[in-house]
Amino acid sequence: MLALGKLLELTLAGREPAEKTQVTADGVRMRWLGEGALEVRPPEACDNGLDLLLSAGIHGNETAPIELLDRLLHDIARGDLKPQARILFLFGNPEAIRRGERYLELDVNRLFNGRHDQVSGAEALRACELERLAATFFSVPERTRLHYDLHTAIRGSKIEQFALYPYKEGRQHSRRELARLRAAGMEAVLLQSKISITFTAYTYEQLGAEAFTLELGKARPFGQNDGVNVGRLETRLKQIIEGTEPEQPEALDGLQLFSVAREIIKHSDSFQLHLAADIENFSELEPGYLLAEDIADTRWIVEEEGARIIFPNPKVKNGLRAGILIVPAKPDQLA
Ligand SMILES: O=C(O)CCC(=O)N[C@@H](CCC(=O)O)C(=O)O
Ligand SMILES: [Zn+2]
């Protein structure tokens, strides 16, 4: 196997490879672009015009997605997987991955779309670097742009695997991409309805990529991910990479769609979330339920029918989202 296939090993050791570019026997070029960043380029004659960005480890303790990208890279470096797409592999927060922590000082996934300019430190610099790497990768005109940012969640979930689809004014969510996500094993998609500061929000809004955050199960340390079944996603990613993806029907085949009713923002240290510590994502909340309280008598009361909560987290920093209240959506606004 080519040494550059061991991007994860290099990243965990904080090492730079001796050779920055290597080529497989089939002419696939692998190029190390910096810490946790590797570009894969098929031979020109095989290139099908897709630019695919695969990122994981934006949160350092979310290891199942990192292991998945590591397996894909090994297969490419061994010549077992023969790409027809250009691919950028990114491990988002190398230092947090080494420490097995979500982040060190600042959550990298809250630093995109200009936010990194307003703060300082290693994670702000990394978010800026990730934006630069993504912008360069997605700068070639007339190619198809697709980004999957892979995550696992802090808590268990009533719906194990789901995607978050960013929002941009005037741009419609794609039914074709949703069907592709269904084929990749996603059971639900949350259609965002306002702009955001995550990595996929940046690549979707600024770089014109189809971009999705994928939640694949519960976060566990390296080597303990047997409970996270990424089989369907892995198969589909290999097909996308090799250009052998079967035509998927337009039907969404039971995919559940949700939209954001409200984001719960933590404004102060007085913020209190009235949910059990072990509540699962997608738990239903009855209208009238007092969900949270904050400074100046702020009260978050559920008003929506069919409301559910995802990503409840009272420990986030002030000013950030401490949960998302979602409601069922209809597929009538899809392109
Ligand atoms: O389990 C949690 O509370 C968070 C899991 C996670 O990291 N989710 C992403 C979602 C990103 C998005 O909104 O697209 C995040 O919170 O950054
Ligand atoms: Zn995450």
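Trainee: Which protein residues are the donors of the zinc ion (ligand 2)?
Mentor: This is a predicted model: local features need pLDDT of at least 70, side-chain atom pairs count only at pLDDT 80 or more, and totals for chains, interfaces and linings use all residues. Residues are numbered from 1 along each chain as its sequence is written, chains are lettered from A and ligands numbered from 1 in the order written, and side-chain values use heavy atoms, without hydrogens and water. Donors are N, O and S atoms within 2.8 Å of the metal (3.2 Å for Na, K and Ca); water isn't among the atoms, so sites may look incomplete. Lying 2.0 to 2.3 Å from the zinc ion, they come from His59, Glu62 and His151.

Trainee: How many residues apart in sequence are the parts that histidine 59 and histidine 151 tie together?
Mentor: The donors follow the spacing H-x2-E-x88-H. Histidine 59 is in the loop between strand E4 (50-56) and helix H2 (63-78), while histidine 151 is in strand E6 (residues 144-153), so the parts they tie together are apart by 92 residues. Helices (H or I, at least four residues) and strands (E, at least two) are DSSP runs, numbered from the N terminus; the value you want is 92.

Trainee: Are histidine 59 and histidine 151 buried or exposed?
Mentor: Buried means under 20% relative accessible area, exposed over 50%, partly exposed in between (1.4 Å probe, protein chains only). Both histidines come out as buried.

Trainee: Which residues in H7 do Arg180, Arg182 and Ala183 in H5 meet?
Mentor: Contact means heavy atoms within 4.5 Å. By that rule, those H5 residues meet Arg232, Arg236 and Ile240.
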